[in-house]
Amino acid sequence: MTIADWPRTAAEPDPDSPPSAAVSGTRETVSRTPELVSDAPESVSGAESGTGTKPSPGRLTGTQKWTAGAIVIAALALAGIGLYLSFEHVAQFAFKELRFGSLGKGQLFAVGVDVGIMVMIAVDLLMAWLKRPISWIRYPVWLLTAATVVLNAASGAPEGTWELLDYVAAGAHGVVPVLFIMVVELGRTSIDRVVRPDQAERDSIPWLRWVLAPVATARIFRRMRLWGVTSYPEMIRRDQELIAYEQWLKRKYEGDLSEATEDELLPMKMAPYGYTVAQALAMPDEQEQAAQERQEEAERRRLDAETRSEIAKAEAEAERLRAKGKVEAVRAEVDGQTGQARAHARAQVSAAERAAALEQEALDQALIAEARAREAEAERKEAQERKAKAAADLEAAELERQAAQKRKEAAEADRVAAAEAQAIETQAIAEARQAAAEADRRAAETEKAAAETRRAAAEADRKKAEEDRRREAALADIARAKKEAAEAERAAAETRRVAAEIERRAVEAEDAAKLSPRERAVRKVARMILGSAAGVAGQLPLADIQRKLEVSPGTASEYRQEAAELLAAGYRP
């Protein structure tokens, strides 16, 4: 025979009784059997004077409504009678015995107590009608009603010795208030049953049981109230099962329950907590099942945590790969920019070299053309000089010819004159001689003019030679200036080529160092400072930096400041 195979009692569960209610607030993990004590929707202090086990119908018929109206009217009449009977007694007693000072104040006291009772009763009935009953509000009503009963009884107390009739009179003063409270409680319960027809009604314990077994009945009452058991037959069945199980267990171990296991003693231990025998015996299996489920749940949470950890690792790895991809993309972009800068620098170097070669070739062509022009000018000037000299010689020869002609004529005249002189020494000979002398004089003048002409021609030749010498000196200066300009241009081209080469090497060094675009820009500004005439950072115009790097004035100023600091730290490209 197993633990569950214990003999049943003759008292079987009432088929009309509701299933066992659950222990209020008991967690589901305590027991999973369908016979668990269900959560009572109403508190322990709910309607507790019901006598049936079936819920009342939710709606009233016409006759029932008329009957309910008559009952309400009768209750209001009873309330009026009670107020009327107690008002005067309470007011007089408050004035005389409670020292309220005046009858008016005693009456206000009586009115205040009665009105307070009526207000709380009205609120209690209203909230019960609205299906939101306030259980604790009845206790202040009971307390105030008890105070009213005491005051009414005290007002009828005799001044001397109490006799039997005095006790009857004092009790009679409290009959109507007690009766009124009973009617109110009956009305409250009735309203609660009407507005909540599906609520389980609590059975009352027969008064005869209270008389015959007060201790056991009090224990049953306590268990019914504590654990929300509304059915009295169900509670009796549980108690019978527990007694039968205990007797069976004693028979099994021959009256020594100390030999029973902890699992077998569970029904006796758990009965005060609202458990049936079956529920208590099933508790170990349920606890083991719950523990197994908790272990499975813990294992599932652990596996979920591992899965989330793996997912987090995978997401972290994916994020790392995405970040690496972004870095590679940025590196590729920087390499592309670097390649573009390197190609640009090489193109600049090549362009500078080609420009230098073209400038050198143009300079050579200019020098050759200049030399040819000077030769042509010299030949032209020499031809002009030869032509001018030939013209001067021709003019001198013409003058010489004319002088010779004059001398010939003079000689002829002398000869004629001599002949004539020899013949006739006449006045004509003298005139001839005079004419000859005049001719000699004119010849001398002509000779002098010819000499003057030769001297002027010689002076003109000297001046022309001086002018030619100065012109040749000027041409030589021009040629030397052009040569110097060509040398300067060649030196500038060489400087540009060297600067381009330095820029190319600097770009390659920056590529090798993997510098950022800002560091590259700062180093480029530093090279611009070194390449400027002054070589001072403050004298490099910001406009040159803006034009070279295509940045704003603020950024250009920052680049120049950082470049100055870089040069101060010893940077040399």
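Is the crossing of H2 and H4 right-handed or left-handed? The crossing is right-handed, where the term applies if the near helix is turned clockwise from the far one by less than a right angle, and left-handed if anticlockwise. The structure is a predicted model, in which local features need pLDDT of at least 70 and side-chain atom pairs count only at pLDDT 80 or more, while totals for chains, interfaces and linings use all residues. Residues are numbered from 1 along each chain as its sequence is written, and side-chain values use heavy atoms, with hydrogens and water left out.

Helices here are DSSP runs (H or I, at least four residues), numbered from the N terminus. Two packed helices are described by the angle between their axes and the distance between the axes. Axes are lines fitted to C-alpha atoms over the stretch in contact, with angles from 0 to 180 degrees between N-to-C directions.

For H2 (residues 103–129) and H4 (residues 164–195), the angle is about 15° and the axes lie 8 Å apart. The two helices are therefore roughly parallel to each other (an angle under 35 degrees). On the H2 side, the contact (heavy atoms within 4.5 Å) is made by Met 118, Ile 121, Asp 124, Leu 125, Ala 128 and Trp 129, and on the H4 side by Phe 180, Ile 181, Val 184, Gly 187, Arg 188, Ile 191 and Val 195. These residues comprise ten nonpolar, one polar and two charged; Ala, Val, Leu, Ile, Met, Phe, Trp, Tyr, Cys and Pro count as nonpolar, Asp, Glu, Lys and Arg as charged, and the others, Gly among them, as polar.

A second pair is formed by H1 (residues 62–96) and H3 (residues 138–155), which pack at about 70° with axes 9 Å apart. That angle makes H1 roughly perpendicular to H3 (65 to 115 degrees). Leu 85, Ser 86, His 89, Val 90 and Phe 93 of H1 meet Thr 148, Leu 151, Asn 152, Ala 154 and Ser 155 of H3. This contact has five nonpolar, five polar and no charged residues.

Turning to H7 (residues 232–252), its 21 residues should span 30 Å at 1.5 Å a residue, which agrees with end C-alpha atoms 30 Å apart. The expected span is 1.5 Å times one less than the number of residues. At the start of H7, a side-chain oxygen of Ser 231 comes within 3.3 Å of the backbone nitrogen of Glu 234. After H7 comes Glu 254, with a positive phi near 55°.

Finally, Leu 549 belongs to H12 (residues 542–549). Leu 549 touches Ala 521, Lys 524, Val 525 and Tyr 559, leaving aside residues up to four places away in sequence. Between Leu 549 and Lys 524, 25 residues apart in sequence, the C-alpha to C-alpha distance is 8.9 Å.

How values were computed
Parallel < 35°, antiparallel > 145°, perpendicular 65-115°, else oblique. Polar contact = N/O pair within 3.5 Å; in protein donor to acceptor, adjacent residues only side chain to side chain.
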